[in-house]
Amino acid sequence: ALRGVGGDRELLGEVIDVFVEECPRLTAELAEAIDRGDIATAHRVAHTIKGSLSTLGASEASSLAQRLETQARS
């Protein structure tokens, strides 16, 4: 994760703070989109979550979000 922000610890802290703040909203939005059958929104939110997790170096979680994104696309 530190490498992903060019070694800037302060920036990494900010990225983590934003993720922690936004993650509950994003996961709720994803669940609601899936419940409604709103594939476009599910795809967009899964993509956003995937990118955030990738930035944080959470490769396994990012892969799971990628699977959701792929499923929504197909």
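A residue counts as buried when its relative accessible area is under 20%. By that cut-off Lys50 is buried, because its relative accessible area is 17%. Welcome to this structure, which is a predicted model.

**How helix 1 and helix 2 pack**
- Helix 1 covers residues 9-36 and helix 2 covers residues 39-55, and the two pack at an angle of about 155° with their axes 9 Å apart.
- Angles over 145 degrees count as roughly antiparallel, so helix 1 is roughly antiparallel to helix 2.
- Helix 1 passes helix 2 in a left-handed crossing.
- Helix 1 brings residues including Val15, Phe19, Leu26 and Leu30 to the contact, while helix 2 brings residues including Val45, Ile49 and Leu53.
- Sorted by class, this contact has 11 nonpolar, 5 polar and 3 charged residues.

**Salt bridges around Arg25**
- The whole structure has 5 salt bridges.
- Arg25 is partly exposed at 44% relative accessible area, and Glu22 is partly exposed at 26%.
- Arg25 also forms a salt bridge with Glu29, at 3.0 Å between the closest N and O atoms.
- Glu22, Arg25, Glu29 and Arg44 are linked in a network of salt bridges.

**A link between helix 2 and helix 3**
- Glu69 and Lys50 form a salt bridge at 2.9 Å, N to O.
- This pair links distant parts of the chain, with Glu69 in helix 3 (residues 59-73) and Lys50 in helix 2, 19 residues apart.
- Glu69 is buried, with a relative accessible area of 4%, and Lys50 is buried too, at 17%.

Notes
Residues are numbered from 1 along each chain as its sequence is written. This is a predicted model: local features need pLDDT of at least 70, side-chain atom pairs count only at pLDDT 80 or more; totals for chains, interfaces and linings use all residues. Side-chain values use heavy atoms; hydrogens and water are left out. Axes are lines fitted to C-alpha atoms, for helices over the stretch in contact, and angles run from 0 to 180 degrees between N-to-C directions. Helices (H or I, at least four residues) and strands (E, at least two) are DSSP runs, numbered from the N terminus. Angles under 35 degrees count as roughly parallel, over 145 as roughly antiparallel, 65 to 115 as roughly perpendicular and the rest as oblique. A crossing is left-handed if the near helix is turned anticlockwise from the far one by less than a right angle, and right-handed if clockwise. Contact means heavy atoms within 4.5 Å. Ala, Val, Leu, Ile, Met, Phe, Trp, Tyr, Cys and Pro count as nonpolar, Asp, Glu, Lys and Arg as charged, and the others, Gly among them, as polar. A salt bridge is a side-chain nitrogen of Lys or Arg within 4 Å of a carboxyl oxygen of Asp or Glu. Buried means under 20% relative accessible area, exposed over 50%, partly exposed in between (1.4 Å probe, protein chains only).
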